[in-house]
Amino acid sequence: MKTKKLVALLLAMLMVVSLFAGCNKPAADDSSNDVQNEVGANPADDAVVEDNVAEDNAAEPVTLTVWNTSAGGVDDGYKAIIDAYCAEHENVKIEFSSYTDPEYTTKLQSALSAGTGPDLYFTTGWNALQTYVDAGYAENLDGKLNIDAFSQDALDVETINGSLYGAPGVYAQYLSVYYNKDLFAQAGINSFPTTYDEFIAACDALKAAGITPIAMGGQEATPYMFAWLISTQAMSSEFFNDIRSGKSDTLADARFESGMQMLLDWGEAGYYQDNYEGTDGAMQTVLFTTEQAAMIFTGSWSVADFRTQNAEMNIGSFAFPGTEATYGVRSVTSSLSLNSASANKDVAIDFLNYTLTPAAQQIMVDAVAGIPVTNEATINDALMQEVATAPDYAAFPNIAMNIAGANGSNPQEVFCNYILSVANGEKTIHELAELMNEAWDAAAYAAIFQ
Amino acid sequence: MSHMNRKMKRHPYIAFILPGAILYCLLIVYPMLSSFMNSFTEWDGIGEKIYNGLANYITLFTSPIYGEQFANALKNGFIFVILGYIIGIPIAFYFAVLLDKKIKFHKLCQTIVFLPQVISTVAIGLLVPLFFDATFGVIATVMRNVGLGHLVTGWLGNQTFLRFLVVIISVWKGMGMNTMLILANLQSIPQECIEAAELDGCNEWSMFFSIKLPLLKPSLINVVVLSFLNTFAAFDIPYLLGGLNGGPSNCIDTLGTMFYRVAFGSPYLTNTMGLATAISVIQFIIVLVVSILQIALLSKNQPE
């Protein structure tokens, strides 16, 4: 009888334990799937990088965990850097995990709160990093990283309360107008426009030649947002100067609204493809890469997609010429922060420093077709070389329109929420500007530029 | 024999329920209660929670930024439920009655009717733009090739079309389960009732409306309540069709997608976890109250 009870008890325990088995899936496994789904890695190209060739047997074996979001498209860059680092440090094994956005933030926050966070984790810098600093999950890296080669705008992304809390990103992204040189030539346009009048003339010439001037994903807010982030500055730089200097503190201003109005005017003028209001962002890119539209407003992160979808395409890029300024956004990317609860801080800092070496910078720049932020790496991509040498890209802290205002919202979020209502005629541009102003912290914005 | 052992002997089911009950409390009840508490805080999801009373609820009802979105999401939820009822329940009844008649290949038909239930919603979401995209979609391409190109418009940017699409996909996906619930109920109607009605000269129509339909009340309650639960705060279909912002002008935004947007939608949103939790608490209360009301109203005069 007793044996029976014991067996029953053991079986019950086994059953309960087996219930938990699913909950205890290792993070690295989890992410391997994610990585494979997101970046198309095959099993051989596993996210977990191991190198067991012993070079320095005396060193104690260390396993570092690195978490990244696949949204930035930099997985391949990190994996190549990890490979190179592990080849030089045989005692170090690095488990690299990549998650899709926005699940990444949820997973990271849960893991850090539970004390099971990775040693190193990616953030988008600025106020996203501030969250982790405030919660005590980011290690102060002042004086611990070799950052001499990096410019201030690269360090600003990772600087919170005057201290460095992350390794600076090694490349910049360029938000601008990408165009099809062959289609421009077909329409008789021999050089890219340098004034707003020339831009409009180019659109008219393309239209007259039966070519859609601009690909627009009007079904979603993001394509509008990319165009707006450039145009709003180019059409109303005087207004932004007033905001920065404290002369003005409201977004409900006709000058600010003109940058948004222009996007709608282009729709009215037929510069977007037919039925653009039913096209999403992915199809917008396809329109451009299938050479059905001559221009697209996007960032340099799309160049990889352009190349994959149409390797033969003759692409160029130019900063948008507005009525008041010519504008393209140069935004330095962010990189990894160190978990303050990490048990391997020394090795983690050593790895972070490795990501900042000229060799690692080059690996990342080549992997993402990016533009390096230091002169220690070179650009091998022809289009990126063209972009990098264009004179009109303003260094622009990407926080500017997404700095937190009322209720944790910000003008960029409000823009995304309501721009399609404006496009559909349910709201006016002025109403949108007033709503954006509700989520606007003018003082915090001005403070960035002081 | 100890007190515990005696208790176990008298109530042996406790031993069976306990592991599940503990897990349920840990994984469902505790997060629910903690969500309720979080809705009274300003919190970024990771740092310190700052108690802010009813501020999140007040924001949801009065803020110019969130108030309109919240009212719109609430309205959309009810629109989807009502349209889902109007279109979905009669279709489920129709298929259930048809399958009950043991038509030819009824087993195969049963499988076909149930099939949408097991198709991944994500797959459906990915197929939609392939069909309805105005430039590259299958339908637009076919229409252009047969000379109907002038009728092609940006369907996926059309609010009415998107709302309709959400309802149709929800109905199609839920049809299998609803049909099976009604069918199981139909097949459990005592044969004596049917035979007695037949003896009394009852025709097909009055047999269905006067005999079968009243006896189908239990499954009707299930269908009505389950459809409400699945549709009111639907997340998957609106998110897949409309993205984070719930489509153009938030036309297919529900409390589910709004919660997701406010909680996790952007790394640049800060301290909005409390606000998002307030949305989920309101959603929970609405679902609870409406479900209880539905069950109470539909259970009245239940035939013996």
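This is a predicted model: local features need pLDDT of at least 70, side-chain atom pairs count only at pLDDT 80 or more; totals for chains, interfaces and linings use all residues.
**Overall make-up of chain A**

Chain A contains 19 helices and 15 strands, and buried residues make up 54% of its 450 residues.

**Nonpolar cores**

In soluble globular proteins, nonpolar side chains tend to be buried together. In this model the largest nonpolar core has 108 residues, and those with the most contacts inside it are Phe199(A), Trp228(A), Phe256(A), Trp266(A), Met295(A), Phe320(A) and Phe415(A). Leaving aside residues up to four places away in sequence, Phe415(A) touches Ala221(A), Tyr224(A), Met225(A) and Trp228(A), and its contacts also include Met260(A), Leu263(A), Leu432(A) and Met436(A). Apart from this core lies another, of 71 residues, among them Tyr85(A), Phe96(A), Val133(A) and Val332(A).

**Helix packing in chain A**

Helix α9(A), residues 221-235, and helix α10(A), residues 237-245, have axes that come within 5 Å and cross at roughly 85 degrees. On the α9(A) side the contact is formed by Thr232(A), Gln233(A) and Met235(A), which meet Ser237(A), Phe240(A) and Arg244(A) in α10(A). The residues of this contact divide into two nonpolar, three polar and one charged.

Helix α14(A), which spans residues 345-355, has eight of its 11 residues buried, so it is largely enclosed by the rest of the structure. The buried residues are Val347(A), Ala348(A), Ile349(A) and Phe351(A), together with Leu352(A), Asn353(A), Tyr354(A) and Thr355(A). They pack against both strands and helices of chain A, namely β2 (62-69), α3 (75-88), β3 (92-99), β4 (120-122), β13 (336-338) and α15 (358-368).

**Selected residues in chains A and B**

Thr131(A) is placed in helix α5(A), residues 126-134. Its relative accessibility is 11%, and because buried means under 20%, Thr131(A) counts as buried. Once residues up to four places away in sequence are set aside, Thr131(A) touches Asp44(B) and Ile46(B).

In chain B, Val118(B) lies in helix α5(B), residues 106-118, and it is exposed, with a relative accessible area of 58%. The C-alpha atoms of Val118(B) and Gly176(B) are separated by 9.0 Å, while the two residues are 58 residues apart along the chain.

Two residues other than glycine have a positive phi. Glu291(A) has a phi of about 60 degrees and is placed in the loop between α12 (281-289) and β9 (293-299) of chain A. Ser249(B) has a phi near 55 degrees and is placed in the loop between α12 (236-242) and α13 (255-264) of chain B. Glu291(A) counts as partly exposed, whereas Ser249(B) is buried.

The relative accessible areas of these residues are set out below.

| Residue | Relative accessible area | Class |
|---|---|---|
| Thr131(A) | 11% | buried |
| Val118(B) | 58% | exposed |
| Glu291(A) | 32% | partly exposed |
| Ser249(B) | 9% | buried |

Notes
Residues are numbered from 1 along each chain as its sequence is written. Chains are lettered from A and ligands numbered from 1 in the order in which they are written. Side-chain values use heavy atoms; hydrogens and water are left out. Helices (H or I, at least four residues) and strands (E, at least two) are DSSP runs, numbered from the N terminus. Buried means under 20% relative accessible area, exposed over 50%, partly exposed in between (1.4 Å probe, protein chains only). A nonpolar core is a set of buried Ala, Val, Leu, Ile, Met, Phe, Trp, Tyr and Cys residues joined through side-chain atoms within 4.5 Å. Contact means heavy atoms within 4.5 Å. Axes are lines fitted to C-alpha atoms, for helices over the stretch in contact, and angles run from 0 to 180 degrees between N-to-C directions. Ala, Val, Leu, Ile, Met, Phe, Trp, Tyr, Cys and Pro count as nonpolar, Asp, Glu, Lys and Arg as charged, and the others, Gly among them, as polar.
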